[in-house]
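Trainee: I am new to this structure. Please take me through one part of it closely.

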Amino acid sequence: MVSGDGKPGPWVLPMLLVEALVLAVLELFYLPLRFDGTLLPQVGADWPFPIAVVVAVLTTPLLVLWASDLQRGLLVSSSPLLVWLTALVVLGLFGPGGDVMLPNDWRSLALLAGGALPGAIAVGASMGRNYVPKGTR
């Protein structure tokens, strides 16, 4: 990840953005998982298993923090969150073949909130960490 002079290479940020895109797609694919006996065992009355929400809560802030370590600036640090949100909305509402991939229940809201809120908090943390008062420059 680091070149010979100790700085990250120019390919690191695009790779983080590709990771954000891939995570959004995988989270959309795994959001409808249920304990219904088809893929997961039958448990109770066909309960949903929103593991994608947990993955979004954990990975979105990590991508934002890794991007903020590359370079100071709001656009660089928020770019993984923006790519994740864009991919989630575009693929979730206007999916392949016109399919709507976001289920019409609480899991969609949980995925959006679970990825966007921790990611936004991480963007705010990176902005606060990079803040330099005017008199000290």
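Mentor: One term comes first: helices and strands here are DSSP runs, a helix having at least four residues and a strand at least two. Keep in mind that this is a predicted model. Our part is helix H2, residues 51–70, with its two neighbours.

Start with the record. The unreviewed UniProt entry annotates residues 12–35, 47–67, 74–94 and 106–127 as "transmembrane region". Residues 74–94 are 95% helix and 0% strand. Their end C-alpha atoms are 28 Å apart. The span 47–67 is 81% helix and 10% strand. There the end C-alpha atoms lie 36 Å apart.

Now take H2 against H3, residues 74–93. Their axes come within 6 Å and cross at roughly 145°. The crossing is right-handed. On the H2 side, the contact includes Ala-56, Thr-60, Leu-63 and Val-64. They belong to a set that meets Val-76, Ser-77, Pro-80, Leu-81 and Trp-84 of H3. By class, this contact has 8 nonpolar, 3 polar and no charged residues.

Turn to H4, residues 106–129. The axes of H2 and H4 come within 8 Å and cross at roughly 20°. Angles under 35 degrees count as roughly parallel, so H2 and H4 are roughly parallel to each other. This crossing, too, is right-handed. From H2, the contact residues include Ala-52, Val-53, Ala-56, Thr-60 and Asp-69. From H4, they include Arg-107, Gly-114, Gly-115, Pro-118 and Arg-129. By class, the contact of H2 with H4 has 12 nonpolar, 6 polar and 3 charged residues.

Last, look at Ala-56 and Thr-60 of H2. Both are listed in the contact with H3, and both are listed in the contact with H4.

Terms used. Residues numbered from 1 in each chain as written. Predicted model: local features only at pLDDT ≥ 70, side-chain atom pairs only at ≥ 80, totals over all residues. Heavy atoms only, no water. Axes fitted to C-alpha atoms, helices over the stretch in contact; angles between N-to-C directions. Left-handed = near helix turned anticlockwise from the far one by under 90°. Contact = heavy atoms within 4.5 Å. Nonpolar A, V, L, I, M, F, W, Y, C, P; charged D, E, K, R; others polar. Parallel < 35°, antiparallel > 145°, perpendicular 65-115°, else oblique. UniProt positions renumbered as here; feature names shortened; annotations may be inferred.
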